Amino acid sequence: MRIDWLSAHPGHAAGLAAAHVQAFGALLPDWTVEEALVELRSHDRAATIPSTLVALDEAGDWLGSVSLLAEDHPDIPQYSPWLASLYVRPEARARGVGRALVARAVAEAGALGTPVLYLYCKPDVAGWYRTLGWRDHDLLRLGPLEVHVLAIDCGNHR
């Protein structure tokens, strides 16, 4: 497995957009695949915010992705920047892909001078992020869902 910027592999954007809407659409019920694709295509530069990292197998097929965003939800603009949309294909799960994507994104954010990176997730996932060094920052409601906002200091991960 290797991790690279989506901007170097734009052909994967459509598949990722569909997967993201399917996985995260409950948080943004009006979000469409077309909107997700426009957003991913706007991540056309490496090593910046916003951008997306993609994990690739030996054949160059995508296994998963994660994004760095300035804003991840319009109802919580007080925290920024964000680790967002971590997604790993079901057949690639439990192989360290998600862990590697998160580690690389945190390191990239640190290299960009980001002191603290945030994410939000459902309570059932928060424990997994805590094992990666993330700490609880806030607990809030986004629409029908209760979400945990977690934070990590990026300076230790450069």
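**Entry 1, the pocket lining.** I looked up which element gives the most to the lining of the largest pocket, and S4 leads with six residues. The model I am reading is predicted. I put the space in this pocket at about 840 Å³. The lining has 36 residues, and those closest to the pocket centre are Phe24, Leu27, Ser85, Leu86 and Tyr120. I listed the elements that give two or more residues to the lining; among them are helix H1 (13–24), helix H2 (33–42), strand S4 (82–88) and helix H3 (97–111). Sorted by kind, the lining residues come to 23 nonpolar, six polar and seven charged.

I checked the length of H1 next. Its 12 residues should span 16 Å at 1.5 Å a residue, and the end C-alpha atoms are 16 Å apart, so the two values agree. I then noted the buried residues of H1: Ala13, Leu16, Ala17, Ala19, His20 and Val21. These buried residues pack against H2, strand S2 (51–56), S3 and S4.

For Cys121, the nearest cysteine sulfur belongs to Cys154 and is 16 Å away. Cys121 is buried, at 8% relative accessible area. Cys154 is buried too, at 0%.

Key. Residues numbered from 1 in each chain as written. Predicted model: local features only at pLDDT ≥ 70, side-chain atom pairs only at ≥ 80, totals over all residues. Heavy atoms only, no water. 1 Å grid on protein atoms, 1.4 Å probe; cavity = no way out; pocket = protein on both sides within 12 Å on 5 of 7 lines; lining within 4 Å. Points joined across faces, edges and corners; volume = space filled by probe spheres on them. Helix = DSSP H or I, 4+ residues; strand = E, 2+ residues; numbered from the N terminus. Nonpolar A, V, L, I, M, F, W, Y, C, P; charged D, E, K, R; others polar. Expected span 1.5 Å × (residues − 1). Buried < 20%, exposed > 50% of the residue type's maximum accessible area, 1.4 Å probe, protein only. Contact = heavy atoms within 4.5 Å. Disulfide = S-S within 2.5 Å.
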